[in-house]
Amino acid sequence: MVSTIQTLPTEVVHLIAAGEVIDSLASVVRELVENSIDAGATRIVVSIWPEQWRVRVTDNGCGMNLEDLQRAASAHSTSKIRICADLWKITSLGFRGEALHSLTTLADLEILSRPAPSVEGGDCGWRVVYGYAGEAVHVEAAAIAPGTVVTVSNLFGNCLGRRQGLPSTAQQMKAVQTTIQQIALCHPYIAWQVWQNDREWFTISPASTMGQLIPQILHQVRASDLQELQVEIPEKESQANDSKLNLVIGLPDRASRHRPDWLRVAVNGRMVKTSELEQTILGAFHRTLPRDRYPICCLHLLIHPGHINWNRNPAKTEIYLNDVNYWQQQISQAIEQALRINSATVKEAVHTSRVGKLIKAAEEKSNYNINPSQPAEPNQTSHYLTAVGQVNNTYIVAEHPGGLWLVEQHIAHERVLYEQLCDNWQIVPVEPPIILYQLSPAQVSQLQRIGLDIEPFGEQLWAVRSLPALLQQRDDCADAILELSWGGDLQTAQVAVACRSAIRNGIPLSLPEMQTLLNDWQRTRNPRTCPHGRPIYLSLEESALARFFRRHWVIGKSHGI
């Protein structure tokens with residue numbers, strides 16, 4: 001096996017931003033784990049003894065031969081780049097060659113490693129102990145499986161002031177857990193086992209996608225609460241490969257957070273901080289969640305490395321993304337696609353605990369359909385939902401190929417009208433004008449801000465000579481305009497108009513009217529919630545109906561014969 005770790009030339013070192021410092025147990029874990037992933041590991045064991053300031057990371061990666069081991073902790077020594085041009089095609093997590101060297105100045109470092117048996121030098125493992133500044137001071141043969149074991153001991157032992165300035169042990173361990181979980185989301189194929197003080201702390205099983213991994217980390221979220229999407233993005237310029245966008249969102253009618261702590265953005269295998277993309281995500285979820293709630297969204301961009309400048313900031317999590325507007329557009333389109341209801345997402349698991357508690361037994365799905373009281377018209381066959389009735393003049397009962405939905409008619413219509421208003425906010429003249437009494441200057445300014453024509457009409461009187469088109473035929477125009485005058489931006493006004501104009505609950509609808517509303521609602525961009533964030537529909541799968549009614553019973557045996 002030819003040595004691959006080499007010291008970087010001076011001209012390359014000068015182009016690299018000063019690296020992140022080792023400042024905590026979490027940063028030690030991050031640096032060592034990233035080396036394991038770069039080595040192709042699929043199984044990583046992290047052991048931590050916080051009171052002893054000791055960390056050990058074991059992996060089944062490609063390992064190192066003796067020559068590489070002796071150079072591994074030297075300053076600016078790496079196998080991942082060679083020349084200046086390599087800085088613009090970074091595909092690894094590490095590339096600065098600083099982590100192991102920094103650790104030798106702050107702690108005791110020991111590495112055991114062995115290449116695969118099929119590789120030259122793979123018949124034997126080696127143990128190297130490093131002195132200050134990365135010199136190999138002790139070398140011996142070691143019995144070890146292929147892979148690498150790195151042990152960092154007595155961290156900050158030579159600068160005790162650093163230890164005293166760190167958070168509590170509990171806070172540091174929480175940071176370690178978060179670090180591992182974020183890395184695991186970017187690399188879901190890896191199996192993780194994490195130990196604390198010789199006791200198993202937590203594990204993360206490998207998964208084929210990021211979405212399948214999330215319920216292991218966010219335990220209150222189920223797989224049915226998430227929608228995952230993988231999109232191929234064509235490159236604007238000619239590149240070797242198209243980019244990919246992996247997206248996992250919490251469906252807004254099922255999963256959200258009190259804080260924006262699950263707004264995660266990763267680029268090429270690393271979680272990054274990018275306010276532009278985070279704001280794009282928040283904007284895409286606007287008016288789909290209740291007030292003061294935030295989305296669950298994990299985004300992983302896999303793009304050509306030429307689009308990224310990893311050296312614009314010393315922290316690798318702070319990156320510069322070329323042509324950020326293009327990526328914002330692609331992200332918005334992907335989230336919009338994930339929020340839609342279509343043939344791929346219409347068959348969904350029951351998502352209310354109330355219904356779920358009723359269903360105890362599991363059985364194979366049987367053939368069973370509820371026949372609508374009136375067959376769908378031929379031109380309706382392209383729609384996934386068919387109206388079959390109305391409950392309490394409030395809920396539309398809709399059949400789809402996988403079961404039944406209850407759709408709340410007022411907020412479904414509110415979603416339809418709101419999106420129409422967003423696309424076409426039309427102010428029309430009204431004659432005679434609507435007269436309002438005792439408006440404050442702030443109310444007048446608010447009505448003018450949203451485009452209404454309003455002018456004084458006498459003492460304490462105001463004449464409104466234009467209004468939103470949807471309100472034109474309503475008898476309560478004056479009340480509606482007063483509501484709009486109380487503040488908020490244009491979108492707030494659009495929500496208010498949509499809510500006031502939507503079909504009220506308690507109003508009977510004919511089957512054609514119900515079907516028209518269902519068709520319009522299914523075509524909206526965000527059909528899962530109303531603009532206030534309330535869920536619009538309740539789904540009950542046919543398989544769930546089968547379980548509840550125990551249709552797996554056998555005739556005869558079910559009667560005790």
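Hi everyone. Let me start with a definition: a residue is called buried when its relative accessible area is under 20%. Keep that in mind as we walk through this structure, which is a predicted model.

Our opening example is Thr-179. It sits in helix α6, and its relative accessible area is 17%, so Thr-179 counts as buried. Which residues does Thr-179 touch, leaving out those up to four places away in sequence? They are Ala-26 and Arg-30.

Those two partners bring us to a helix pair. Two packed helices are described by the angle between their axes and by the distance between those axes. Here, helix α2, residues 25-38, packs against helix α6, residues 169-186, at an angle of about 25°, and the axes are 8 Å apart. The two helices are therefore roughly parallel, and their crossing is right-handed. On the α2 side, the contact includes Leu-25, Val-29 and Val-33, while α6 brings in residues including Ala-175, Val-176 and Ile-180. If you sort the contact residues by type, you get 9 nonpolar, 2 polar and 1 charged.

Let's stay with α2 for a moment, and turn to Glu-34. Its side chain meets that of Arg-270 in a salt bridge, with N and O 2.7 Å apart. This pair links distant parts of the chain: Glu-34 is in helix α2 and Arg-270 in strand β14, 236 residues apart. Are these two buried or exposed? Arg-270 is buried at 6% relative accessibility, and Glu-34 is buried at 6% as well.

How many salt bridges are there in the whole structure? A search finds 16, and I'd like to show you two others.

One is between Glu-67 and Arg-71, at 3.6 Å, N to O. Both residues lie in helix α3, 4 residues apart, which is about one turn of the helix. Glu-67 is partly exposed at 40%, and Arg-71 is partly exposed at 34%.

The other joins Glu-455 and Arg-465, whose closest N and O atoms are 2.7 Å apart. Glu-455 is partly exposed, at 31%, and so is Arg-465, at 26%. There is also a network, in which salt bridges with shared partners join Arg-415, Glu-419, Asp-423 and Arg-525.

One last stop: Ile-144, in the loop between β7 and β8. At 16% relative accessibility, Ile-144 counts as buried. Beyond its neighbours within four places in sequence, Ile-144 contacts Leu-112, Ser-113, Arg-114, Gly-125 and Val-149.

Technical notes: Residues numbered from 1 in each chain as written. Predicted model: local features only at pLDDT ≥ 70, side-chain atom pairs only at ≥ 80, totals over all residues. Heavy atoms only, no water. Axes fitted to C-alpha atoms, helices over the stretch in contact; angles between N-to-C directions. Parallel < 35°, antiparallel > 145°, perpendicular 65-115°, else oblique. Left-handed = near helix turned anticlockwise from the far one by under 90°. Contact = heavy atoms within 4.5 Å. Nonpolar A, V, L, I, M, F, W, Y, C, P; charged D, E, K, R; others polar. Buried < 20%, exposed > 50% of the residue type's maximum accessible area, 1.4 Å probe, protein only. Salt bridge = Lys/Arg side-chain N within 4 Å of Asp/Glu carboxyl O.
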